[in-house]
Amino acid sequence: MSSRRPLTFRGVVALLAGLALAIAANMLAAPILLYVAVLLFALVIIAVIVVRVPRRGGGVTRRISTDLLTVGEESQVAVRFDLRALRVPYGTWEDALPDAVAGDASGDFPTDNGTHIRYSITGVRRGVWPVGPLSLRTIDPFGFAQRTQEFGDTRTVTVVPEVMPLAPMSGDVGAAGGTAHTASSRLGQGSDNLSPRLYVSGDSMRRIHWRATAHRGDLMVRQEEEQASPDAIVILDRSARRWEREGSAVDPAFEAAVAACASVALHLVQEGYSVDVRDSAGSVLGVLRGQEDDRDSLLVVLAMVHPQGEGREIVTLLDGTPPGPLVMITGRIDEEDATLMRHGGAGAPILLATDPQAGAFTAAAALGWSTGELDEDVSAAWEDALSGHVAPGGGHVPR
């Protein structure tokens, strides 16, 4: 696509000057002024022909050093511009960047590396955004005429929420504060009291319970070692009534909630839990079992979530055995809402809210929730929840 403005500001001034000289030449009967006017007109016409007549085509190939760009993270973009033209123009290039990605994607053309272009970008806001097309603006040597053309297609870049480091959970948080505690609570008794079972083909020899084997006379294996890794559930409440703005409008509170969801889920995986991430309607956003692909898939989903619909009560989201940690991340919550929040017997229920009303955290704490008021500092809110301190009015005791 070419620019609709064929002349630069200097070119417009040259045309006006030529017109003024032509009028003056007629009024003053000064042929020399007419000659100068004709010369200016000729230069402008030649300049337009020089920049607009040559046929140009080209392909653009982009390579972004990071597949998933985290908010606040810097990445490098390498662009190869294969230009096909009668001559190599001199001008400026610019790669179109969305507002959600920051960077200086412009410069002089040709570059020091010929048609190879490099620049840096930084993630500003999560989402999937287009980068490109590449624009080439050509100006004639006199600076009178210009031509802007776009080359190549766009390339999408996925900006995922920032994952922040969180403090480890301890045995003092809820009924179960870690992997070992949760596994024990799910089994319902200590490992020493568990009944071993008969050995079957395929069981590891390291699972053999030698004391039971000696007593029974048959190979026995430890029952507790068959249990799956402990479970944790992280719920992102994206019910529209919890958030002030919907759709494409940027809500800082919801952005903080999404960052908290990603940070908490990946933190629990590092602590040895198998994590299910759901929204308040019960839809599964991600399943984390310690694989790198699981992590990336969750971050991509969280890059695109927005407030929508109406959520259900948490107790209806818990099927089967209650999990160890249950982390609920929500927005505006009042005391009445808090009294309806049942954690279903979860070992470590944690409630993070961006806008808790008076009495909300006190009511939640009475039901066994550990609470934290969430803002941009996700780590601080997490530590508040682990500390378990709730002020009488529903807020936190200053640390």
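This is a predicted model: local features need pLDDT of at least 70, side-chain atom pairs count only at pLDDT 80 or more; totals for chains, interfaces and linings use all residues.
Where do the two partners sit? Arg 126 is in the loop between strand S7 (116-123) and strand S8 (127-131), while Glu 255 belongs to helix H5 (residues 252-270), so the bridge ties together parts that are 129 residues apart in sequence.

How well hidden are they? Arg 126 has a relative accessibility of 6%, and because buried means under 20%, Arg 126 counts as buried. Glu 255, at 23%, is partly exposed.

Side chains of opposite charge can pair when their charged atoms come close. How many salt bridges does the structure hold? There are ten.

Another one of them pairs Arg 238 with Asp 279, whose closest N and O atoms are 3.1 Å apart. This pair also links distant parts of the chain: Arg 238 lies in the loop between strand S14 (231-236) and H5, and Asp 279 lies in strand S15 (residues 274-279), 41 residues apart. Are these two buried or exposed? Both Arg 238 and Asp 279 are buried.

Next, look at Asp 296 and Arg 295, which form a salt bridge with their closest N and O atoms 3.3 Å apart. Here Asp 296 is partly exposed, at 26% relative accessibility, and Arg 295 is partly exposed too, with a relative accessible area of 31%. Salt bridges can also share partners: in this way Asp 237, Arg 242 and Asp 337 are joined into one network.

## Rings that pair up

Now for the aromatic side chains. A search of the whole structure turns up five aromatic pairs. One of them brings together Phe 81 and Phe 151: the ring centres are 5.0 Å apart and the planes meet at 55°, so this pair is tilted. Phe 81 is part of strand S3 (residues 74-84) and Phe 151 is part of strand S10 (residues 146-151), so the pair ties together parts that are 70 residues apart in sequence.

Together with Phe 109, Phe 81 and Phe 151 form one aromatic cluster.

## A stacked pair

Phe 142 and Phe 144 make an aromatic pair of the stacked kind, 5.9 Å from centre to centre and with 20° between the planes. Which side of the burial cut-off does each partner fall on? Phe 142 is partly exposed at 42% relative accessibility, whereas Phe 144 is buried, with a relative accessible area of 10%.

Definitions and conventions:
Residues are numbered from 1 along each chain as its sequence is written. Side-chain values use heavy atoms; hydrogens and water are left out. A salt bridge is a side-chain nitrogen of Lys or Arg within 4 Å of a carboxyl oxygen of Asp or Glu. Helices (H or I, at least four residues) and strands (E, at least two) are DSSP runs, numbered from the N terminus. Buried means under 20% relative accessible area, exposed over 50%, partly exposed in between (1.4 Å probe, protein chains only). Rings of Phe, Tyr and Trp (its six-membered ring) pair if their centres lie within 6.5 Å; planes under 30 degrees apart count as stacked, over 60 as edge-to-face and the rest as tilted.
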